[in-house]
Amino acid sequence: MEHLTVKMRIKGAYRDMNPKEKQIADYILENTKLISRSTISDIAQNLGIADSTVYQFTKRLGYDGFKDFKVSLLTEEFDSEISIHEKISVNDDPDVMITKLFSSSMKALEDTRRISSGKTFREAASIMINAEKVWFFGVGGSNAVAMDSFHKFLRSPIHCAYTSDYHMQLMNAGLLTENDCAFIISHTGLNKNTLEIAKIAKETGAKLIVLTSYPLSPLAKLADIILISTAEEIVWRSESLSSRLSQLCIIDALFIIIMFYDESKSRESLTKIRHAISHTRE
């Protein structure tokens, strides 16, 4: 938790918050600079709640208390690495739009890197390496990430599989065994179809690796390993679309870790793939 910014902590816990906690969270996100210079009583009075409620909220976010929470806010405000990029507006010319878009994408990658744990990646890689088969699952926009993941890991020594059809995903989830791994991708972790796939896979005893932006989501709670992506929403590009870049980068990182695990097998697998597709090029 120590690498998570205040905003990222709130975002990760928001869906599981009660109405009073969401009221505090919304107020903080809308008045960040004001909050960093306010007392706990100022905030409580403005929201019409008890000081203890604000204190417990900061504890829920993983801070030692309100003082620790404020120090984090002030640190982030003056940390050049945690910049808040301006939103794209109708008055921006194309050059400005491009700059802001790339800045937003770079921030998404930096935020994801900041919260990524090498230990978690190693554990996920170990599960995939030792599985008899790794199935990639995703619905809607996450289906595209699942397909890209499958396309990438075909080059690895791992025996992997994927299908785009939801009903076939359900059937394949039901055929998993305790020796297999289900790699499930969902930005929100709330999609009913994805949750159904995860529940079926869980019943088979297969290991579940979940890639999501919400570590407290219903899907994440079923996982053996959670990989977290994050991104800001900007005009004409939803949060889920923005997070896709982070998700693809997480997949790339896992791929590299696995390919270096046994370089001999990896080279052999790459050679076979390159030979198979060599006739498609002049």
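A: Helix axes are lines fitted to C-alpha atoms over the stretch in contact, and the angle between two of them runs from 0 to 180 degrees between their N-to-C directions. In this predicted model, helix α4 covers residues 40-47 and helix α5 covers residues 51-60. The axes of α4 and α5 lie 8 Å apart, and the two helices pack at an angle of about 110 degrees. Since angles of 65 to 115 degrees count as roughly perpendicular, α4 and α5 are therefore roughly perpendicular to each other. The crossing in which α4 passes α5 is right-handed. On the α4 side, the contact is made by I40, S41, I43 and A44; on the α5 side, D51, V54 and Y55 take part.

Another helix, α3, spans residues 32-35 and contains K33. With a relative accessibility of 60%, K33 counts as exposed, because the cut-off for that class is over 50%. K33 and T58 are 25 residues apart along the chain, and their C-alpha atoms are separated by 16 Å.

The charged end of R9 sits over the ring of Y63, at 4.1 Å from the ring centre. In the whole structure, a search finds 7 aromatic pairs. In one of them, the rings of F136 and F183 have centres 5.3 Å apart and planes at 45 degrees, so this pair is tilted. F136 belongs to strand β1 (residues 134-138) and F183 to strand β3 (residues 181-185), so the pair ties together parts that are 47 residues apart in sequence. Both F136 and F183 are buried. Together with F153 and F255, F136 and F183 form one aromatic cluster.

Note on methods:
Residues numbered from 1 in each chain as written. Predicted model: local features only at pLDDT ≥ 70, side-chain atom pairs only at ≥ 80, totals over all residues. Heavy atoms only, no water. Phe/Tyr/Trp six-rings, centres within 6.5 Å; stacked < 30°, edge-to-face > 60°. Helix = DSSP H or I, 4+ residues; strand = E, 2+ residues; numbered from the N terminus. Buried < 20%, exposed > 50% of the residue type's maximum accessible area, 1.4 Å probe, protein only. Lys NZ or Arg CZ within 6 Å of the ring centre and 35° of its normal. Parallel < 35°, antiparallel > 145°, perpendicular 65-115°, else oblique. Left-handed = near helix turned anticlockwise from the far one by under 90°. Contact = heavy atoms within 4.5 Å.
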